[in-house]
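Reader: Could we go through this one together, starting with how its helices pack? I have the sequence and the model open.

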Amino acid sequence: MATPILDHLAALAEPIRTRLLLVLEDRELTVSELCTVLQLPQSTVSRHLKALGDAGWVGSRAQATSRLYRMSQNGDPATHRLWALVRDQAATSSSAFQDHHRLQRVLADRRTKSQQFFESSAGEWDRLREELFGGHVHLSGLVALLDEAWVVGDLGCGTGSVSAALAPFVRRVIAVDDSGAMLAAARKRLRGYPNVGLKRGRLESLPIERGSLDAAALTLVLHHVPDPAQALREVSRVLRPGGRVLILDMLPHDRESYSQQMGHVWLGFSEAQMTNYVADAGFDHVRTHPLPAEPSAKGPALFVATAKRA
Ligand SMILES: C[S@@+](CC[C@H](N)C(=O)[O-])C[C@H]1O[C@@H](n2cnc3c(N)ncnc32)[C@H](O)[C@@H]1O
């Protein structure tokens, strides 16, 4: 139930509280920042913050070892009208003017602190970023650039790591693989994603309707396929016009043992060779890029190719 307006009048009937609300209207501040801005002792600021909190005017959240306060944004329309009226008057007072100036100083100090940190940590940032968040967090987040309405094929999905990365960001993932064991592992990994459909099938004759995919990813699979041109024509069939294909695979290498150990049919592909395959299969806007090597990677260098179905 909305707090009766008279209770709000009581909560606001104290100039320090309106000064607090003025500075907390658009930003979060700590108690010690508020003490600096209002030039009041901590006990006074805390007492008035408590009264404003109890009346629903101010909320707070913990951040590291401090607590940040901010004016609550979810009041009822009558509260908003009351505040608009009080603010119009309070904002013109000389104490509000002084508070505003000190607030700018406090905010500038904050920026200086963060600038100082980056000035001193430029050489350290990459290591710190990796230590705090891992080496690839930006890449997993970039998948959010995909259109949320898309249906995406993960073709030669293996154990489903690509499908798991895609599923939170697109409407549906259709994951296809030829191996029952791989699909079983993918099913286990993808249990929590109801928008992923797993299908057994071959790239050369995909169990997917014509024109039903917006995009298709073939990661580390094409080097297993004896006739990549035929597989890419099939990928073109299941994509809608303008749909996108992404191929991630190995650049030419000489690790012949891979044929024996892992059944590789192709010892990588050159960018020119891949461009021809993709263009011949009915794609345009073909782009290929070698990928930077991971420091810990032991395998051959990789490329990524993208294209649009004409
Ligand atoms: C090296 S794994 C890569 C899996 C996954 N794309 C990834 O990036 O982790 C290659 C997968 O392609 C599948 N595969 C190989 N040839 C295939 C074909 N002709 N049709 C469908 N799947 C195939 C294999 O069963 C295997 O799961």
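**Helix packing and the ligand shell**

Author: Helix α11 (residues 228-238) and helix α13 (residues 271-280) have axes that come within 8 Å and cross at roughly 45°. The axes are lines fitted to C-alpha atoms, for helices over the stretch in contact, with angles from 0 to 180 degrees between N-to-C directions. Helices (H or I, at least four residues) and strands (E, at least two) are DSSP runs, numbered from the N terminus.

Reader: Before we go on, what kind of model is this, and how are residues numbered?

Author: This is a predicted model, in which local features need pLDDT of at least 70 and side-chain atom pairs count only at pLDDT 80 or more, while totals for chains, interfaces and linings use all residues. Residues are numbered from 1 along each chain as its sequence is written.

Reader: Back to α11 and α13, which residues make the contact?

Author: Pro228, Ala229 and Leu232 of α11 meet Tyr277, Val278 and Asp280 of α13, where contact requires C-beta atoms, placed from the backbone, within 7 Å. By class there are five nonpolar, no polar and one charged residues; Ala, Val, Leu, Ile, Met, Phe, Trp, Tyr, Cys and Pro count as nonpolar, Asp, Glu, Lys and Arg as charged, and the others, Gly among them, as polar.

Reader: And α2 with α6, at what angle do their axes cross?

Author: The axes of α2 (residues 15-24) and α6 (residues 94-121) come within 10 Å and cross at roughly 40°, which makes α2 oblique to α6. Angles under 35 degrees count as roughly parallel, over 145 as roughly antiparallel, 65 to 115 as roughly perpendicular and the rest as oblique. On the α2 side Arg19, Leu22 and Val23 take part, facing Ser95, Ala96, Asp99 and Leu103 in α6, and this contact has four nonpolar, one polar and two charged residues.

Reader: Switching topic, what surrounds the ligand?

Author: There are 17 residues around the ligand, the closest being Gly156, Gly158, Asp178, Ser179 and Thr219; a residue counts as near if its C-beta atom, placed from the backbone, lies within 6 Å. That shell divides into seven nonpolar, six polar and four charged residues.

Reader: Lastly, what is the radius of gyration of the chain?

Author: The protein chain has 30 Å, whereas a compact globule of 310 residues would have a value near 19 Å, taking C-alpha atoms and a globule rule of 2.2 Å times the number of residues to the power 0.38. Its C-alpha trace spans about 80 × 45 × 35 Å along the principal axes, and the chain has 13 helices and nine strands.

Methods
Two residues are in contact if their C-beta atoms, placed from the backbone, lie within 7 Å.
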